[in-house]
Amino acid sequence: MNTDIFPEAEYFLSSFLFGAAFLFCYDIFRILRRVIVHRWVAIAAEDILFWGAAGILAFRMIYEKNYGTIRGYAALGMAFGMWLYYSFLSELYVRSVTNLLHKTGHLIYRFFFRLTYPIRFLVLKCKALCKKIATVYSKQCEKKRVVYEKKQKQKEEKIEQLKQQKEQKKQEKRQKKEQIKQQKEQVKQQKKQKKQDKELD
């Protein structure tokens, strides 16, 4: 029996397993993309990094197994491993793990939701109490503002009244002065008239 076929068969099997392993690892990214929404920039970066690393690992495997010589059956083995895994296991693996992660995440969310219920209840009560305090405080401030505005208005009215009273007093003084002047003028005229009458006599 020819023993040279065993290394070649081992090389083909390694290529087959590497191809299946590459897609298996890539499915991890697919699962993460289904669980957590990725933008196209992140998807492109992940693909570049993954396939770059996959190329380096494939070259290392070829170098170790066949001293860097690329054989057609090795590439065929990788392609066959990828195709076989993708056809029979990939979608099942991605769907089942995604559903498991979704259910686990939902259970964890429900657990923490119930666990944090007392805290959320206290937070809601504190918010309601703060709202009430703020409402009462704002009403008191509004009342104080209204009282302050009334007092200011009353002060302004008093000041206006005092001004008006001062103006009235000034006007009265002026009128009195005018009356006194008129009286003096009348007295003067009377005196002049008397003098004239005396001279005529």
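Here is a walk through the structure, from its overall outline down to a few side chains.

What you have is a predicted model, where local features need pLDDT of at least 70, side-chain atom pairs count only at pLDDT 80 or more, and totals for chains, interfaces and linings use all residues. Residues are numbered from 1 along each chain as its sequence is written, and side-chain values use heavy atoms, with hydrogens and water left out.

Start with the fold. The protein has four helices and zero strands, counting DSSP runs numbered from the N terminus (H or I, at least four residues, for helices; E, at least two, for strands). The C-alpha trace spans about 185 × 45 × 25 Å along its principal axes. Its radius of gyration is 53 Å, whereas a compact globule of 201 residues would be near 17 Å; that value is taken over C-alpha atoms, and the globule rule is 2.2 Å times the number of residues to the power 0.38.

Now for what's tucked away. Ser15, in helix α1 (residues 5-35), is buried because its relative accessibility is 0%. Leaving aside residues up to four places away in sequence, Ser15 touches Met61, Ala74, Gly77 and Met78, where contact means heavy atoms within 4.5 Å. Over in helix α2 (residues 40-66) sits Ile62, which counts as buried at 11% relative accessibility. Its C-alpha atom is 8.4 Å from that of Tyr11, 51 residues away along the chain.

Next, the charged pairs. The whole structure holds seven salt bridges, each one a side-chain nitrogen of Lys or Arg within 4 Å of a carboxyl oxygen of Asp or Glu. In one of them, Arg30 meets Glu91 at 3.3 Å, N to O. Asp27 joins Arg30, Arg34 and Glu91 in a network of salt bridges. Arg30 counts as buried at 18% relative accessibility, while Glu91 is partly exposed at 31%.

Finally, look at helix α4 (residues 117-200), where Glu149 and Arg145 are four residues apart and therefore separated by about one helical turn. They form a salt bridge too, with their closest N and O atoms 2.5 Å apart.

Definitions and conventions: Buried < 20%, exposed > 50% of the residue type's maximum accessible area, 1.4 Å probe, protein only.
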